[in-house]
Every structure is written in C-alpha cells, then in structure tokens.
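Colleague: I have a few questions about the labels used for this structure. Could you show it and walk me through them?

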Amino acid sequence: MAEPEVSSAAASGGGRLRNAFGGVLCAFTLLLIGVLAFSIRLFSVIKYESVIHEFDPYFNFRVTQFLSKNGIYEFWNWFDDRTWYPLGRVIGGTVYPGLTLTAGTIWWLVNSLNIPLSVETVCVFTAPIFSANASWATYLLTKEAKGTGAGLMAAAILAMVPSYISRSVAGSYDNEAVAIFALIFTFYLYVKTLNTGSLFYATLNALSYFYMVCSWGGYTFIINLIPMHVLLCIVTGRYSSRLYIAYAPLVILGTLLAALVPVVGFNAVMTSEHFASFLVFIILHVVALVYYIKGLLTPRLFKVAMTLVISVGLAVCFAVVAVLVALVASSPTKGWSGRSLSLLDPTYASKYIPIIASVSEHQPPTWPSYFMDINVLAFLIPAGIISCFLPLSDASSFMVLYLVTAVYFSGVMVRLMLVLAPAACILSGIALSEVFGVLTRSIKFQLSKLFDDSSASASASASGDGSVESSTNTTKSENRNEKSETAPKEKPSKKNRKKEKEVAESVPVKPKREKRLLVLPFELSVMGILLLIVLGGFYVVHCVWAAAEAYSAPSIVLTSRSRDGLHVFDDFREAYAWLSHNTDVDDKVASWWDYGYQTTAMANRTVIVDNNTWNNTHIATVGTAMSSPEKAAWEIFNSLDVKYVLVVFGGLVGYPSDDINKFLWMVRIGGGVFPHIKEPDYLRDGQYRVDAQATPTMLNCLMYKLCYYRFVETDGKGFDRVRGYEIGKKHFKLTHFEEVFTTHHWMVRIYKLKPQKNRVRGKLKKLKSSAKTSSTLAAGRKKNPWQ
C-alpha cells in the first residue's frame with residue numbers, strides 16, 4: 001500500500017512543478033509580448049524625432065499642458081478663447097477627459113519619483129505603453145473563452161496588428177490610444193463575470209466602462225454590444241443568474257457613472273444610442289422573475305402566474321417603448337447623433353451632414369485596406385469562428401457577436417477598423433491555438449505509436465514466441481490488477497454499480513472518437529506546422545514594414561525618396577514658427593478646419609474654426625469665404641476680425657492632401673448653409689478642373705488665387721504635379737490680400753488682409769463729403785457679405 005501512495009504523491013508533486021513552470025513561462029511570454037508591443041511602435045521616434053503626430057493629438061497635448069500647469073479644477077472650468085473666435089469653447093465640458101487625465105497622472109507620478117520627463121515626452125509614449133496593456137487585456141479576455149494558449153497567441157497577434165499600430169505609434173496622442181485598452185478590458189470583465197457570477201468583477205466592469213466613457217465616444221459600441229449578447233443568451237435559452245449579475249450592475253452603475261462625465265451628462269439616458277440597454281434591462285428582469293416564480297410554484301400555479309407576469313411585462317414594455325418613441329420623435333434626428341446615423345445609414349452623412357462625410361477616416365474602406373490592416377488574419381477568422389462553436393459557451397458566443405458587429409461597422413467607416421482589430425486577433429489566436437493543438441497532438445501520438453511499435457518488434461525478435469506469451473500473461477495480470485483496483489469502488493451499492501458501469505462504458509468511447517477525428521498523419525502534421533510558421537513569418541514581416549514605413553511618418557513632417565536620396569519637408573512647422581514669431585499674440589488666423597488644432601498649439605494664435613467641428617455654420621462661413629471672389633471673401637474675413645489666411649498647397653512637390661483637393665468639400669459645406677454657393681458653378685461637365693477648362697467661378701475664387709498666386713514663376717508653365725496639368729489662370733494680381741510668407745517647398749502659404757483704405761479710397765471720399773445721416777442710412781443698407 002505504501003508504493004501507490006508514494007507514486008501518487010510523486011505524480012501530484014510533478015503536476016505542481018509542471019504548473020508552476022507553466023505559470024512562470026506564461027508570465028515571461030506576456031512580458032516579452034508587452035516589450036514587443038511597446039518597441040514596435042517606436043519607429044517614428046527612431047526615424048524622425050519625438051514629436052506629436054497628426055492633427056487631433058495637438059489639441060490633446062495642449063490640453064494636457066494646461067492640466068499639468070494649472071491643475072484639474074482649472075481644467076474643468078477652462079474657457080478657451082483662442083478657438084472658434086468669436087465664440088470660444090468650454091474645454092472641460094466638451095472634451096473626453098480620459099486620455100488627458102491618464103497622461104497627466106503618469107506625468108505627475110514620474111515627476112514625483114524625481115524622473116524629469118516633460119509633458120510632451122509623456123504624451124508621445126502614452127500610446128505605446130497602453131498598447132502593451134491592451135495586449136495583456138487581450139490575453140485575459142481570450143483566456144476566459146478558450147484557454148491560456150489561445151490567449152497568448154491572441155496577445156502576440158494584437159501586439160503587432162497594423163490596424164492598431166496605425167493609431168498607437170509613438171506620438172499618436174489620440175483618444176484611441178487608451179480607449180482600445182479600456183474596450184478590451186471591459187469586455188474581459190464582462191466575460192469574467194459571466195463565467196464566475198462574481199459581483200466583485202461586475203463592479204469592476206462598471207468602473208472599466210466608466211473609464212471607457214471618459215476616454216472615447218466609441219463607448220456606445222460597448223453599451224449596445226453587451227445588451228445584444230444578453231438578449232441572444234435569453235433567446236437561445238442560456239439565461240442564468242451569472243448573466244443577470246454580469247449585466248444588471250453594468251447598466252445601473254455604468255449609466256450613473258457615465259452621467260458624471262460632463263461631455264456625456266444626461267445623454268446617457270436621453271439619447272437613442274443608450275435605449276437598447278434599458279430595454280434589454282427590463283426584459284432581463286422579466287425573465288429573471290419568471291425563473292424565480294417557476295422555482296417556487298407548482299406547474300399549475302406557474303401557468304397562472306406566467307399569464308399574469310407576461311401580461312404585466314408586456315404592458316410595462318409597451319409603456320417604456322411608448323416613452324422612448326415619444327422622446328425619439330421629438331428630436332429632428334430621432335435621438336441619434338450624426339455619426340451614429342451615418343453608421344446605421346452609410347448615405348446619411350453625404351446627404352445631410354457633409355462635414356462628417358468630408359473627413360477621410362469616415363469614408364468606407366476598400367478591400368486592399370483590409371489586407372493592409374489585418375493581413376493574414378482575414379483567412380484565420382473563419383477557422384476561429386468554427387472553433388468558438390466547438391463547444392459553444394457564453395464567452396465564445398460573445399466573441400462571435402463582437403466580430404460580426406465589428407465587421408459591419410468597419411465596412412461603413414474606415415476608422416472603425418480599429419474596433420475590428422481586437423476581434424480579428426482574438427479569433428485568429430483561437431484558430432491558431434486549436435490548429436497547433438491538433439498538429440502537436442498528432443505528432444506526439446504518431447511518435448509514441450512509432451516508438452511502441454519499434455520496441456515491440458525489437459522485443460519480439462529477441463525473445464521469440466515465448467516472450468509473446470509472457471507479454472500476454474503480463475498484460476492479463478495487469479488487467480486483473482486493474483480490475484482488482486476498481487472492484488472496491490464498485491461494491492458499495494447496486495445503484496452506484498449501475499452508474500459506475502454506465503460511466504465506465506461511456507468513457508472509453510469518447511477518447512477513441514476524439515483520436516479518430518483529431519489525429520492526423522505524421523507527415524501532414526509536420527507540413528501543417530511548417531506552413532503555419534511560414535504564415536506567421538509573413539505576418540511579422542508585414543507588421544514590421546507597416547510600423548516602420550506606412551504608419552511611422554508624422555503628418556507634420558513629410559518625407560519622400562528619389563534618386564537624390566531622402567527629402568524632408570518640414571513646411572508645416574516652418575509656417576507655424578513664422579506665425580509665432582512675426583504676428584501679434586491677438587491676431588486671428590483663418591484656415592480650413594483641418595489645421596486649427598495645429599495652429600493653436602504650435603503658433604499660439606487664435607483660429608476661427610478647428611478640428612472639433614461642433615459648429616457647422618461657422619465652418620460653412622469659412623468655406624463660403626474660400627469659395628467666393630476676392631472682394632466678397634475679404635469682407636467675410638474682415639467681419640470676423642481675421643488678419644491672416646493660411647492655405648496648404650501641394651502642387652509644386654506633389655502633396656495630394658492640399659486645400660485644392662479639399663476645396664469641393666468647402667463648396668458643399670458652405671452651400672449647405674449659404675444657398676448662393678452652388679457646386680455646379682465650380683464644375684465643368686461634372687468634372688472638377690483647375691486647368692484652362694475650369695469654370696470662371698473656379699478661376700476667380702479666393703482658394704484658387706491664394707494657392708496659385710505666382711505659381712507660374714516656379715517653372716514658367718504653372719504645372720500642377722498633383723492634378724497633372726497646367727493651371728488655367730497663370731498671371732493675376734491680388735487686390736485685397738498680400739502674400740507675407742511662403743514656405744520653402746510652397747506647401748504652406750500665408751496671406752495678410754490689406755487695410756480697408758487701400759481698396760475703398762474713392763468710397764471714403766464720398767463718405768466724407770456726405771452728411772452723418774446719409775452715412776448711417778448707407779450703413780443700414782449695406783449688403784450682408786455672407787449672402
């Protein structure tokens with residue numbers, strides 16, 4: 001009896017040692033994944049410099065500077081008078097504060113530890129840090145659904161996926177930098193609560209949702225996806241108390257916490273994006289009541305109670321739906337925001353809100369963009385879906401639902417490829433983990449079978465027939481011993497004997513069936529593993545290329561390669577530096593809204609519009625000025641106290657994202673508010689042209705003149721490298737604007753409004769000779785320059 005106890009103790013000790021070693025190896029692998037996620041996003045710093053990228057990050061950087069300098073109370077009450085002149089903007093009530101508070105907290109912590117980091121450095125490296133956090137959160141989420149192996153695989157894939165790298169490189173200080181981590185971590189806590197039924201995890205889930213609300217407007221995706229999954233579980237008969245615990249605290253605590261965020265406020269209970277969660281909340285309670293009554297009453301009484309509960313529940317549901325319909329009907333947009341409507345109806349923005357349709361990241365993606373952003377994951381996702389159904393659980397069904405909804409939204413708006421990336425990585429990790437498990441199991445089984453056969457043949461050749469008999473005797477004795485060991489377990493009672501017999505009969509059948517289904521030939525298994533390694537190598541090479549070349553370049557510093565080598569175009573910072581050093585602090589600068597954040601942050605000058613795009617009329621006013629003749633444009637800008645006008649022009653160096661290519665959106669947005677601006681007036685036979693075939697309205701508008709003024713002096717012909725032809729009107733003079741600065745590569749041009757006396761000298765003489773009464777009447781009859 002002592003020998004079995006010693007062997008069992010040794011086996012249990014070996015199992016504990018194996019588990020401990022596996023845990024250490026898993027932790028070390030996760031550490032390497034975090035280092036990979038952080039380091040692969042540093043190409044922008046290595047190749048260029050530690051600089052903020054794009055447009056929106058400059059506003060976030062400026063707000064973080066204000067927070068670190070003045071404190072959180074001043075931040076909540078900050079009225080910014082340098083934006084949207086003359087309206088201004090209340091920053092604390094119109095910004096999602098999660099990113100700013102996170103970076104400000106990191107800066108305060110490192111400086112408390114006497115690590116002298118600037119606010120800009122912290123902002124540059126916030127996104128790579130949270131990319132590592134997102135990878136670890138992906139591991140936790142996938143582990144809850146399909147185990148540790150799938151979690152490690154999904155975390156490694158997410159660390160390198162190009163779709164996520166595009167918005168999280170060093171310097172990309174935007175809301176998505178921390179929001180994707182919050183999104184994945186909220187989903188993890190929801191699934192964890194589903195699996196455990198713990199109220200502790202449910203409370204953490206509500207807090208994580210609150211952090212997501214603070215970080216990004218995409219929190220509405222969470223508060224609609226989770227109710228859809230709860231409803232799916234109810235419909236498919238998978239209701240349980242764990243489902244109730246996972247959802248009810250999220251709706252109550254999450255909604256109360258979301259209402260504390262100033263930019264959200266009562267929208268958490270008043271807009272259509274949140275109504276689905278409340279409706280599912282009511283349905284969940286009705287179902288919970290039905291199950292509770294069913295456990296208390298007899299079947300006959302349960303039928304009577306069911307009739308009462310269903311009638312009352314339907315009445316409550318109809319009342320709630322009626323209230324929601326009344327609230328929705330009272331809103332012109334039916335309670336939906338413009339961006340939400342553009343997601344539900346992809347044609348809505350182009351029809352009614354051109355300011356949303358004008359943003360490039362709001363356009364639908366092309367098929368090559370999917371291959372660029374998720375690469376080989378597109379081919380692994382179907383296998384991951386199949387794996388989620390073998391077997392189907394609450395967690396795996398949530399993964400499939402997450403993928404389906406993310407695929408739809410990414411097909412409507414290219415920006416939401418970022419939401420698709422975690423789902424694609426999770427399902428691809430599940431697929432790879434399952435495939436590797438099958439292949440390695442097959443190789444192990446085939447090798448063990450091969451060794452057993454070789455040892456048996458060797459023993460047979462050495463001992464002959466006698467050995468065969470002895471082996472059969474030993475096997476018989478082993479079988480007898482096994483029977484003798486199992487006999488005491490079968491003795492206690494007849495019922496237990498029957499149960500044990502059924503279990504003993506059913507157990508051996510299952511492994512045999514699994515082996516038939518899952519064991520592959522040795523050669524095929526080895527080829528499969530080699531193919532997956534090659535596929536993984538191709539994915540890694542593509543991700544590194546995307547991180548180093550496609551997504552590392554900051555938009556404020558441009559580069560190009562030619563036979564002469566690398567060319568750097570630093571015109572944007574050159575122009576903003578000129579504005580900062582050569583204009584007065586109170587001067588107002590007009591430009592298209594794309595450059596508002598950069599102008600305010602880098603030049604420290606007041607702008608008319610910026611990237612917040614909250615006031616369509618104000619943006620339409622600037623668009624109307626750019627679309628009008630020079631005199632009318634001067635009057636509009638002069639009425640807004642504008643002193644300088646900035647335009648971006650790429651015709652000399654071939655920069656395609658210039659104002660000439662964006663000009664039709666200025667016309668459309670301006671024409672949506674001021675009807676005298678008509679898009680057909682700027683098109684020749686339906687085509688947008690700036691050559692000799694362009695319309696007179698196009699050739700005489702302010703945008704054309706500010707971009708192409710003196711352009712013919714560059715090459716003598718006026719050849720536009722972006723449009724690919726010579727411009728139509730080459731020699732002209734400006735009467736109401738004067739050129740004050742043009743950057744080295746002509747990418748940014750700055751003009752100053754001429755004083756009024758230079759253009760209305762004759763009119764002033766008439767006004768001096770006339771009486772004061774006539775001057776007041778003339779001023780009263782003055783035409784509105786915006787019409």
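Modeller: Happy to, and bear in mind that this is a predicted model. Let's take the nonpolar surface patch of about 500 Å² to begin with.

Colleague: What makes that nonpolar surface patch?

Modeller: The residues are Leu289, Tyr292, Leu296, Leu297 and Leu301. Helix α14, residues 275–296, gives the most to the patch, with three residues. Leu301 has its place in helix α15, which runs over residues 299–329.

Colleague: Why is Leu301 called partly exposed?

Modeller: Its relative accessible area is 48%. Buried means under 20% and exposed means over 50%, so Leu301 with 48% is partly exposed. Patch residues need over 30%, and Leu301 has 48%.

Colleague: And Ala632, why is that residue called partly exposed?

Modeller: Ala632 has a relative accessible area of 24%. Buried would need a value under 20%, so 24% makes Ala632 partly exposed. You will find Ala632 in helix α29, residues 630–639. Ala632 and His736 are 104 residues apart in sequence, with 9.8 Å between their C-alpha atoms in space.

Colleague: How do you know that strands β12 and β13 pair?

Modeller: Pairing takes at least two bridges, and β12 (residues 737–742) and β13 (residues 748–753) have five, so they count as paired, in the antiparallel sense. Phe737 stands opposite Leu753 in β13.

Colleague: What lies between β12 and β13 in the hairpin they form?

Modeller: Five residues lie between the two strands, and Trp746 in the turn has a positive phi of about 60 degrees.

Definitions and conventions
Residues numbered from 1 in each chain as written. Predicted model: local features only at pLDDT ≥ 70, side-chain atom pairs only at ≥ 80, totals over all residues. Heavy atoms only, no water. Patch = residues over 30% accessible without salt bridge, like charges linked within 9 Å, V, L, I, M, F, W, Y side chains within 5 Å. Areas by Shrake-Rupley, 256 points an atom, 1.4 Å probe, with all protein chains shown as cover. Salt bridge = Lys/Arg side-chain N within 4 Å of Asp/Glu carboxyl O. Helix = DSSP H or I, 4+ residues; strand = E, 2+ residues; numbered from the N terminus. Buried < 20%, exposed > 50% of the residue type's maximum accessible area, 1.4 Å probe, protein only.
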